[in-house]
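The sequence and structure are shown first, and the description follows.

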Amino acid sequence: MGSWRRPASMRPAWPRIAAALFGLAVAAGAIAGMVRDLRVEPVTILAGRLSAGGRYDAAALAAFAGRRDLDGYRSGCRGDALRAALTVRLHQFDAARGAGDPAAMDAAYEGVETAARAVLACSPLDGNAWLRLAMVDLQILGPVPAVLDELNMSYWVAPNEGWIIADRIAFAARLVDTGLAGVSGTLARDVRKYAASAEPKDVAALFSAAPVSARDEFQAALAFLPAERRQQIEKIIAENAGSAGN
């Protein structure tokens with residue numbers, strides 16, 4: 001007597017249903033990803049253009065931010081979208097400041113705060129975001145302790161990234177000139193590390209651009225360097241000074 005098999009019409013349907021539902025979920029996820037990409041792409045393109053030196057006035061950037069709902073990006077943790085939104089907001093703030101428009105500056109500042117906090121909520125170890133927040137807070141709030149706290153957070157979470165260190169040194173040097181207490185120690189740590197590893201011409205350029213009040217920290221850092229490297233940097237500094245005097 002042959003073995004009996006259940007006819008296909010009598011077999012359970014749930015495996016086919018589960019497979020179909022899984023396929024639909026994958027398709028829906030792919031479509032959602034495409035929609036997010038399409039929504040984010042104009043923002044990342046604009047951020048790239050701004051980072052490359054493109055210029056737009058504050059009104060145009062504010063209108064773009066409104067159309068693209070940049071503040072809405074804080075509901076997700078997509079790093080490229082969050083950082084692109086922050087870049088657009090920072091340039092919007094710079095444009096408003098350049099135009100001398102207090103109302104536009106206030107609006108742009110709120111955008112920067114929101115964008116920076118969104119980046120940091122998802123990536124609290126983003127030293128660049130902490131630094132940018134400190135820079136904008138200085139412009140709006142002045143040399144308050146919160147600015148130094150944000151600068152120090154940038155240092156503690158990103159102590160070794162050369163491109164962040166260079167920007168942080170330039171900013172900290174300006175902070176020293178404001179008289180804000182406690183900045184010198186932060187500046188000294190970064191300068192010592194940067195002077196030991198960066199290109200001599202880049203170290204010299206930061207020294208030449210620093211306010212006179214901050215140059216003691218540079219000189220102290222240079223004193224720790226091997227004689228040959230120190231002399232190389234000092235030679236470039238002297239050449240820069242001679243060029244500036246001509």
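Predicted model: local features only at pLDDT ≥ 70, side-chain atom pairs only at ≥ 80, totals over all residues.

## The largest pocket

By class, nine nonpolar, five polar and six charged residues make up the lining of the largest pocket. The space inside the largest pocket amounts to about 500 Å³. Its lining comprises 20 residues, of which Leu90, Asp94, Asn128, Arg132 and Met135 are the closest to the centre.

Helix H3 (79-99), H5 and helix H7 (162-178) are the elements that give two or more residues to this lining. H3 provides the largest share, with eight residues.

## Packing of H3 against H5

H3 and H5, both of which contribute to the pocket lining, also pack against each other. Their axes come within 12 Å and cross at roughly 25 degrees. An angle under 35 degrees counts as roughly parallel, and H3 and H5 are therefore roughly parallel to each other. The crossing of H3 past H5 is left-handed.

On the H3 side, the contact is made by Leu86, Leu90, Phe93 and Arg97, and on the H5 side by Ala129, Arg132, Val136, Gln139 and Ile140. Six of these contact residues are nonpolar, one is polar and two are charged. Leu90 of H3 and Arg132 of H5 take part in this contact, and both are among the residues closest to the centre of the largest pocket.

## Packing of H4 against H5

Helix H4 (residues 102-122) packs with helix H5 (residues 127-141) at an angle of about 155 degrees, and the two axes lie 10 Å apart. Because angles over 145 degrees count as roughly antiparallel, H4 is roughly antiparallel to H5. H4 passes H5 in a crossing that is left-handed.

H4 brings Met105, Tyr109, Val112, Glu113, Ala116, Arg117, Val119 and Leu120 to the contact, while H5 brings Ala129, Trp130, Leu133, Val136, Asp137, Ile140 and Leu141. This contact of H4 with H5 consists of 12 nonpolar and three charged residues, with no polar ones. Ala129, Val136 and Ile140 of H5 take part in the contact with H4 and also in the contact with H3.

## Packing of H6 against H8

A further helix pair is formed by helix H6 (residues 145-157) and helix H8 (residues 183-197), whose axes come within 10 Å and cross at roughly 25 degrees. H6 and H8 are therefore roughly parallel to each other. H6 makes a left-handed crossing as it passes H8.

From H6, Leu148, Leu151, Asn152, Tyr155 and Trp156 meet Val183, Thr186, Arg189, Asp190 and Lys193 of H8. The contact of H6 with H8 contains five nonpolar, two polar and three charged residues.

How values were computed
Residues numbered from 1 in each chain as written. Heavy atoms only, no water. Axes fitted to C-alpha atoms, helices over the stretch in contact; angles between N-to-C directions. Helix = DSSP H or I, 4+ residues; strand = E, 2+ residues; numbered from the N terminus. Parallel < 35°, antiparallel > 145°, perpendicular 65-115°, else oblique. Left-handed = near helix turned anticlockwise from the far one by under 90°. Contact = heavy atoms within 4.5 Å. Nonpolar A, V, L, I, M, F, W, Y, C, P; charged D, E, K, R; others polar. 1 Å grid on protein atoms, 1.4 Å probe; cavity = no way out; pocket = protein on both sides within 12 Å on 5 of 7 lines; lining within 4 Å. Points joined across faces, edges and corners; volume = space filled by probe spheres on them.
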